[in-house]
Amino acid sequence: MTGTPNVSAEAMLDAARDLIRREARALANLADQIDRSTADVVSLILASGGKVITTGTGTSGIMAERLAHLLAVTGTPAFYLPCLDALHGGMGSVTPADLVIALSKGGKSTELTQLVTRLEKRGVQVVAVTERPESEFAAAASHLIAIATDPADADLGGLIATGSTLVAGAWGDALAAVLMQAREYSWEEVVSTHPGGIVGQQSLLPDRPSLAPTTTHTAEEAS
């Protein structure tokens, strides 16, 4: 395609704003999808003696790499292992003490399903994060996080991963934030392991993040 399309600037801006609004709705709708399965993943990670290893293919792989970095920054040791690298010997770096988080929007990646199946056979627990809980990919994993992109057209044509990457990223953000609070990982530790850039230049830091304790009331106390 050559030349300049005969489209007005206002039409271009309307199209851009429309997509952003659809993506914003998809993010807002994610909050109501967060259920006990996410808390279970947090508990698994906190109980684990190893690292969190993220993996995926295509755009999901990019989001998996982002998640690994974010977890490491917020106090959960993690690294990203590309799916194809894992199938070409990198799987040897994963031990049963580790927890793998595998991302696949559609759950149709045969190589990722193969990787998850082999990891589970080696005694490694895998969390599948997908929009298709009925997929072979999801069935191969020992744990499932099912999150949907709603509205579906937050993805261009329902095919190109635009809004769905934001949804997957936001779920990962929430996971990292809760883990940071549960560990009471301090901002001083963040700056210590992140000396580069503007983060490492901070001197005034927020309070230590912490989850509020849950108070259990007995029937006698409530009466």
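Q: Hi! How many salt bridges are there in the whole structure?
A: A search of the whole structure turns up 7 salt bridges. The term means a side-chain nitrogen of Lys or Arg within 4 Å of a carboxyl oxygen of Asp or Glu.

Q: And what kind of model is this?
A: This is a predicted model, where local features need pLDDT of at least 70 and side-chain atom pairs count only at pLDDT 80 or more, while totals for chains, interfaces and linings use all residues. Residues are numbered from 1 along each chain as its sequence is written, and side-chain values use heavy atoms, with hydrogens and water left out.

Q: Okay, which residue does Asp40 pair with?
A: Asp40 forms a salt bridge with Arg36, and their closest N and O atoms are 3.2 Å apart. The two sit 4 residues apart in helix 2 (residues 36–47), so about one helical turn separates them. Helices here are DSSP runs of H or I with at least four residues, strands are runs of E with at least two, and both are numbered from the N terminus.

Q: Is Arg36 buried or exposed?
A: Arg36 is exposed, with a relative accessible area of 62%, while Asp40 is partly exposed at 37%. Buried means under 20% relative accessible area, exposed means over 50%, and partly exposed is in between (1.4 Å probe, protein chains only).

Q: What about Lys105, which residue does its side chain meet?
A: Lys105 meets Asp155 in a salt bridge, at 2.4 Å from N to O. Lys105 is in the loop between strand 3 (99–103) and helix 5 (110–121), and Asp155 is in the loop between strand 5 (143–146) and helix 7 (163–183), so the pair ties together parts that are 50 residues apart in sequence. Asp155 is buried, with a relative accessible area of 0%, and Lys105 is partly exposed at 26%.

Q: Which residues are joined into one network?
A: Glu10, Asp14 and Arg17 are, through salt bridges that share partners. Within that group, the side chains of Arg17 and Glu10 meet at 3.4 Å, N to O. Arg17 is partly exposed, with a relative accessible area of 38%, and so is Glu10, with 45%.

Q: Changing topic: how many helices and strands does the chain have?
A: The chain has 9 helices and 5 strands. Along the sequence they follow the pattern α-α-β-α-β-α-β-α-β-α-β-α-α-α.

Q: How much of the chain is buried?
A: Of its 223 residues, 36% count as buried.

Q: Which residues have the most contacts inside the largest nonpolar core?
A: They are Ile45, Leu71, Ile101, Val129, Trp171 and Leu175, in a core of 26 residues. A nonpolar core is a set of buried Ala, Val, Leu, Ile, Met, Phe, Trp, Tyr and Cys residues joined through side-chain atoms within 4.5 Å.

Q: Which helix gives the most to this core?
A: Helix 7 does, with 6 residues. The elements that each supply at least two residues include helix 1 (9–30), helix 3 (58–73) and strand 4 (125–130).

Q: Back to Leu71, what is it in contact with?
A: Leaving aside neighbours within four places in sequence, Leu71 is in contact with Val52, Thr76, Ala78, Leu175, Ala176 and Leu179. Contact means heavy atoms within 4.5 Å.
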